[in-house]
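Here are my notes on the model you sent over. Have the structure open while you read, and go through the points in order.

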Amino acid sequence: MTETDHPASSLEPLVQESTPALVARSLRRAISEGDFPPGSQLGEAALAKQLGVSRGPVREAMQRLTQEGLLVSHRNRGLFVPDLTADAVSDMYLLRNTIERAAVERILESKAGRVCADRLDAVVDRMSALGDRPESAEMIDADLDFHRELVEAACSERLSRVHETVIVETSMCLRAMQSTYAPGEDRVSEHRELADAIRAGDTARATASLTEHMRDGLARLQ
């Protein structure tokens with residue numbers, strides 16, 4: 001067998017991300033985790049120095065985040081992480097509900113509910129183990145991971161791309177307003193109910209559970 005005759009395997013070509021894409025990912029994560037809270041100004045030169053890259057990739061990354069709505073430009077002042085107004089939070093939850101409902105419907109149409117539910121249950125188990133620390137960063141991460149798993153299971157590149165931006169905004173809200181978080185057992189039961197409905201293949205039950213979950217989440221943040 002020659003070097004070109006290897007049998008097929010699960011190996012796939014590696015995709016090398018550009019420096020601006022890597023910088024954009026780092027900035028999204030920093031904003032999501034609260035390193036740059038709402039209202040923070042981001043300086044191109046300071047970020048370039050901190051990240052160890054030239055200013056060009058940082059400038060391009062910041063332009064990407066501006067297009068995504070994760071940064072806002074104030075004329076003659078610079079780029080800032082947007083403030084969390086009541087209207088912005090309400091609009092964010094509207095978009096989240098729309099995206100995740102579409103994901104649920106696609107998952108159940110494709111008969112992938114059981115596989116998706118297994119992954120969701122694993123995240124709910126993490127949340128359950130953190131029930132005595134409902135306002136911890138770990139609980140927030142687990143909560144957001146549940147919703148990422150849900151949308152990723154739909155196997156829609158566009159849904160996932162839009163959802164990642166709105167999840168960063170959600171993370172900003174949750175970290176800024178942790179005192180409004182529901183008790184751990186309530187949050188676990190809400191997520192478990194959604195996972196159970198998906199496992200059962202019950203679209204009406206799953207979408208109703210999701211909508212109620214989003215409604216409750218928004219009410220706690222207002």
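**Notes on the model**

1. Let's begin at a loop. Lysine 111 sits in the loop between helix 4 and helix 5 (113-129). Its phi is positive, about 60°, although lysine 111 is not a glycine. The residue is exposed, with a relative accessible area of 75%. Bear in mind throughout that this is a predicted model.

2. Another residue with this kind of backbone is asparagine 76, where phi is positive at about 65° although the residue is not a glycine. Look for asparagine 76 in the loop between strand 2 (72-74) and strand 3 (78-80). Asparagine 76 is exposed too, its relative accessible area being 79%.

3. Now the overall layout. The protein chain has 9 helices and 3 strands, and along the sequence they run α-β-α-α-β-β-α-α-α-α-α-α. Of its 222 residues, 41% count as buried. If you take the contacts with a separation of 6 or more, 72% of them come from residues 24 or more positions apart.

4. How do helix 4 and helix 9 cross? Two packed helices are described by the angle between their axes and the distance between those axes. Here the axes of helix 4 (residues 86-109) and helix 9 (residues 203-221) come within 10 Å, crossing at roughly 160°. Angles over 145 degrees count as roughly antiparallel, so helix 4 is roughly antiparallel to helix 9. The crossing of this pair is right-handed.

5. Who makes that contact? On the helix 4 side, the residues are Val89, Ser90, Tyr93, Arg96, Asn97, Glu100, Arg101, Val104, Glu105 and Leu108. Helix 9 brings Thr203, Ala206, Thr207, Leu210, Thr211, Met214, Gly217, Leu218 and Leu221. Sorted by class, the contact has 9 nonpolar, 6 polar and 4 charged residues.

6. On to the cysteines: how many disulfides does the structure hold? The count is 0. A disulfide is a covalent bond between the sulfur atoms of two cysteines, and the cut-off used here is a pair of sulfur atoms within 2.5 Å. For cysteine 155, the closest cysteine sulfur belongs to cysteine 116 and lies 9.6 Å away, so the two are too far apart for a bond.

7. Is cysteine 155 buried or exposed? Cysteine 155 counts as exposed, because its relative accessibility is 63%. Cysteine 173, by contrast, counts as buried, because its relative accessibility is 1%.

Definitions and conventions: Residues numbered from 1 in each chain as written. Predicted model: local features only at pLDDT ≥ 70, side-chain atom pairs only at ≥ 80, totals over all residues. Heavy atoms only, no water. Axes fitted to C-alpha atoms, helices over the stretch in contact; angles between N-to-C directions. Helix = DSSP H or I, 4+ residues; strand = E, 2+ residues; numbered from the N terminus. Parallel < 35°, antiparallel > 145°, perpendicular 65-115°, else oblique. Left-handed = near helix turned anticlockwise from the far one by under 90°. Contact = heavy atoms within 4.5 Å. Nonpolar A, V, L, I, M, F, W, Y, C, P; charged D, E, K, R; others polar. Buried < 20%, exposed > 50% of the residue type's maximum accessible area, 1.4 Å probe, protein only.
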